[in-house]
Amino acid sequence: DKANYRHFMAKEIHEQPEVVGHTLARYVDMATERVALPVKLPFDFNTIQRVNITACGTASYAGFVAKYWFERFARLPVEVDVASEFRYREAPLRKGDLAIFISQSGETADTLAALRYAKAEGAHTVAVVNVPTSTIARESETVLQTLAGPEIGVASTKAFTCQLMVLANLAIAAGKARGELSDEDEAKLVHGLVEVPRLMADALTTELQIEKLAHRIAKSSDVLYLGRGTSFPLALEGALKLKEISYIHAEGYAAGELKHGPIALIDETMPVVVIAPHDRVFEKTVSNMQEVAARGGNIILMTDAKGAEEATVESLVTIVMPDMSAAFTPMVYAVPVQLLAYHTAVVMGTDVDQPRNLAKSVTVE
Ligand code: M6R
């Protein structure tokens with residue numbers, strides 16, 4: 001049931017500190033703050049030369065964030081594909097390489113077909129799924145469950161952040177196994193993860209401000225989302241979330257791609273959501289924001305206190321997020337991104353939990 005919420009989506013957004021915390025507790029030894037995967041992996045990360053991550057929609061954006069983590073923590077090259085492309089491309093997989101499939105439902109037809117293809121090619125298969133009895137869970141070699149609980153809203157929210165939590169732990173485990181992370185590095189990273197549920201709860205306090213902002217966004221016909229690093233896939237997710245439930249056209253871009261095309265769209269009517277925690281690419285994102293501001297674009301900046309102070313660009317609204325470890329910002333910044341889509345849809349009066357033309361689980365290709 002919806003508890004006291006108007007929509008399942010609102011309930012599921014608010015549940016995130018709790019369910020992401022449950023997922024964390026399943027993958028981390030909380031006493032020692034070390035990664036402790038609940039299953040023994042049937043392969044050694046040392047012999048893996050490449051990882052393929054395959055999923056659809058929001059799950060594919062979780063995979064795209066994880067690419068940054070695997071490459072950084074474990075120096076492992078990762079390819080991310082949407083399942084509908086991967087399955088028909090006949091992508092060459094090396095026997096013994098690792099293929100990861102991400103799916104809330106575990107029933108998405110294209111993701112399942114991609115899993116079957118990878119198995120036939122002799123790859124090790126890991127499924128990150130929310131429904132442990134699902135077909136994808138049953139057919140993959142290793143299952144890493146997300147503990148999001150049932151997700152009813154068609155727009156995926158808590159499944160996404162739980163997927164990120166599982167993938168972060170897997171990437172740290174890979175880094176450890178490959179000798180790219182020391183015990184100390186691991187401890188630092190895991191400590192960063194342990195903080196995430198509390199930070200997500202902090203992030204929920206931006207809701208009133210976002211609700212106001214939603215009235216402005218609801219007047220727009222197009223919205224741009226920009227980010228660099230792990231904020232880039234989150235920009236893609238933000239745009240998907242907005243379009244699927246509010247029916248407002250939105251696009252996500254790597255901030256550095258702005259001047260290669262999308263900047264032509266910017267005028268005084270265009271809201272540009274910039275996801276920019278104060279991380280190692282922050283300065284670069286600020287210069288992209290300046291380009292937007294110079295053309296009269298309306299910037300909605302999601303950053304932390306330090307970022308807000310150093311941004312030196314006029315924004316329409318700045319949403320100040322808690323300070324945190326730069327590695328795991330996507331889980332926490334997902335919250336305002338989801339809230340913005342949710343409240344905009346509420347203002348638009350759409351059917352938030354059952355948006356037109358969409359099904360919760362896409363079991364046909
Ligand atoms: O059940 P799955 O995670 O495999 O579903 C994948 C996509 O269909 C799903 O994430 C979809 O993009 C959502 N409606 C996004 O909010």
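Predicted model: local features only at pLDDT ≥ 70, side-chain atom pairs only at ≥ 80, totals over all residues.
View 1. V154 takes part through its backbone, with an N or O atom 3.1 Å from a nitrogen atom of the ligand. Pairs of N or O atoms within 3.5 Å count here as polar contacts.

**View 2. The pocket and the cover around the ligand.** The ligand has 410 Å² of accessible area on its own, and the protein covers 91% of that (Shrake-Rupley method, 1.4 Å probe). The space that the ligand takes is the largest pocket. A pocket is an open set of points on a 1 Å grid over the protein atoms alone, where a 1.4 Å probe fits, with protein on both sides within 12 Å along at least five of seven lines. A molecule sits in one if more than half of its atoms lie within 2 Å of its grid points.

**View 3. The residues of the shell.** Of the 13 residues around the ligand, those that come nearest are S103, Q104, S105, T108 and E244; being near takes a heavy atom within 4 Å. By class, the shell has 4 nonpolar, 7 polar (Gly among them in this scheme) and 2 charged residues. Helix α3 gives the largest share, 3 residues.

**Reading the views.** Residues are numbered from 1 along each chain as its sequence is written, and side-chain values use heavy atoms, without hydrogens and water. Local features need pLDDT of at least 70, side-chain atom pairs count only at pLDDT 80 or more, and totals for chains, interfaces and linings use all residues.

Note on methods. Polar contact = N/O pair within 3.5 Å; in protein donor to acceptor, adjacent residues only side chain to side chain. 1 Å grid on protein atoms, 1.4 Å probe; cavity = no way out; pocket = protein on both sides within 12 Å on 5 of 7 lines; lining within 4 Å. Helix = DSSP H or I, 4+ residues; strand = E, 2+ residues; numbered from the N terminus.
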